[in-house]
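Open the model in a viewer and keep the sequence panel beside it. The stops below are given in the order in which to select them.

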Amino acid sequence: MHKTFCIFSALVLLLLFSSCRTDFDYTKSNGSLEFSKDTVFLDTIFSNIGSSTYTLKVYNRSSTDISIPTIQLKNGEDSKYRLNVDGEAGQLFRDIPLFAKDSLYIFVETTADITDADAKEFLHTDAIQFDKENHLQEVQLVTLIKDAIFLFPARSLNGQRETIVLDIKESGEEIRAEGFELGLDQLNFTKDKPYVIYGYAAVPEGKTLTIEAGTRVHFHKDSGILIKENASLHINGRLSEDRDLLENEVVFEGDRLEPNYSDVPGQWGSIWISKGSIHNKIDYLTIKNATVGILVHGGNNLEETTLTLKNSQIYNSENVNLWAKSAKIRSENLVLGAAGNISLYCNLGGDYSFTHATIANYWKYGFRSGAALQLDNSTLSGNSTSTMARADFKNCIIYGSNPNELNLIKGENSTFNFYFENCLLKFKNNSENDLYNFGNTAHYDNVLLNLDPEFESPTQNNFLIKENSSAIGAGNLVTAQSVPLDILGTDRTKNLTLGAYEVIFIN
């Protein structure tokens, strides 16, 4: 017992001595530091928008504890970069200890103006310097800065941002958000520079926002475009030669350009089409990473088309990709990919026609309760209903990762017309609800049930069709001839493939 106590006491004394010791000997670094990378690329940022935080690791591979005399930015106080060395922020650090066989982290950020960049390549550069003179070592810093047109709400004298009314609830309560009306000189977006929008940019009543082919629009968090009553949106994208670059398409996405933000849902708000807005036309538009891709309030006006939507794709919306309320929509060659709830939601009735649509929800960021496609003509409480005058789907694919990707909700004593012709559907539930009687030719004609469409990479929102897909040859010829080219410009009248993409056989 006495022996055990003595050993324990010795260990305690050793620990106390070690924890209190302050007389470590450090040798000054001699230029032998090693780094996790020789250049830190901070990817692309917009002018005056802060970057993400990037990491550099510094190694002492020697068997000696060392001290780094200085760590500093080459451009000193004029640098647009910011450093954090072992938890301390600044631009100049002195006598930084680094134990033998150990490492330290340096975190790097930047916020720079386009005028800080090289005039030809738009690169903003600097370097982190370790020590000086004969022992000087450097790690380069490189950032590409994009110039852009920034649109944002005004700020009052007391610092409050301007707000606009997005909608009015049945109770009369206004739904407001930070936003502003576009001026008459701002109603024509071109491809010359990207646009960055803060808050909701509203198209004034009676006006039209026109967006030309190749335009890029980036939205800050909780931002979007509002199309007011009697206003319209015309997006005039064109077919691109490069499927990845989409050089002629119009692209809507968030304002974080770093690669790790490329597939993060919910980075911005929505394209909000208000009640009373008609004749909206969209061609070759890609929307990604919104909260609701497009929200269309039709207002029970089914005489005029609310939205014509062609050759477009919407995916990675946090809630719904396309949400239509009592609207009239005509669509061809539409791709609706992953969404956190419902990919296509035709809500509170309306009049809808979808030809050669791929509606495929393979949400990978958590549980999803909604189906790829939901049609209803009643409120959630069931207290009121609207007329579903028509919901036609022809030569379409409705599929996804859940067992049932079709959800039909009919209000009592109300008109609920829907029709699926030459469609591939996923519905594995043996429901006794007559709405899912797939032998009822009033609602279903030549429907394929639960046959895998064999998409190329559905979890990556790549819905190209493989050569062994059941969707090949299943289309209606007359319908295919009405939209003879698929979303990539391929003739679809020979192989009659369902969905937005025609199969391409490789010899």
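**Before selecting anything**

This is a predicted model, in which local features need pLDDT of at least 70, side-chain atom pairs count only at pLDDT 80 or more, and totals for chains, interfaces and linings use all residues. Residues are numbered from 1 along each chain as its sequence is written, and side-chain values use heavy atoms, with hydrogens and water left out.

**Whole chain**

Colour the chain by pLDDT, the predictor's confidence in each residue, from 0 to 100. The average is 92, and 93% of the residues score at least 70. Now select residues 1–23: their pLDDT is below 50, and beyond near neighbours in sequence this stretch makes 0 contacts in the model. A contact here means heavy atoms within 4.5 Å.

Switch to cartoon. The protein chain has 2 helices and 39 strands; these are DSSP runs numbered from the N terminus, helices being H or I of at least four residues and strands E of at least two. Along the principal axes, the C-alpha atoms fill a box of roughly 90 × 70 × 60 Å. Of the 507 residues, 49% count as buried, where buried means under 20% relative accessible area, exposed over 50%, and partly exposed in between (1.4 Å probe, protein chains only). Among contacts between residues at least 6 apart in sequence, 65% join residues at least 24 apart.

**Nonpolar cores**

A nonpolar core is a set of buried Ala, Val, Leu, Ile, Met, Phe, Trp, Tyr and Cys residues joined through side-chain atoms within 4.5 Å. Select Phe252, Phe354, Leu375, Phe393, Leu406 and Phe420, the residues with the most contacts inside the largest core, which has 64 residues. Centre on Phe393: leaving aside residues up to four places away in sequence, Phe393 touches Leu344, Phe354, Ile359, Leu373, Leu375, Tyr419, Phe420, Glu421 and Cys423.

**A buried threonine**

Next select Thr355, in strand β29 (residues 342–361). Thr355 is buried, with a relative accessible area of 11%. Not counting residues up to four places away in sequence, Thr355 touches Ser331, Glu332, Asn333, Lys394, Cys396, Thr479, Ser482 and Val483.

**The cavity**

On a 1 Å grid over the protein atoms alone, a cavity is a set of points where a 1.4 Å probe fits but cannot get out, and lining residues have an atom within 4 Å of a point. The structure holds 1 cavity of 30 Å³ or more. Select its lining: Leu239, Ser240, Asp242, Arg243, Leu246, Glu249, Tyr284, Ile487 and Leu488. The largest cavity has about 40 Å³ of space, a volume being the space filled by probe spheres set on the points, which are joined across faces, edges and corners.

**Positive phi**

Most residues other than glycine have a negative phi. Select Asp43, in strand β3 (residues 39–46); its phi is positive, about 55°, and Asp43 is partly exposed at 29% relative accessibility. Then go to Phe122, in the loop between β9 (102–110) and β10 (123–130). Phi of Phe122 is near 60°, and Phe122 is partly exposed at 37%.

**Last stop**

Select Glu133, in the loop between β10 and β11 (137–146). Glu133 is exposed, with a relative accessible area of 71%.

How values were computed. 1 Å grid on protein atoms, 1.4 Å probe; cavity = no way out; pocket = protein on both sides within 12 Å on 5 of 7 lines; lining within 4 Å.
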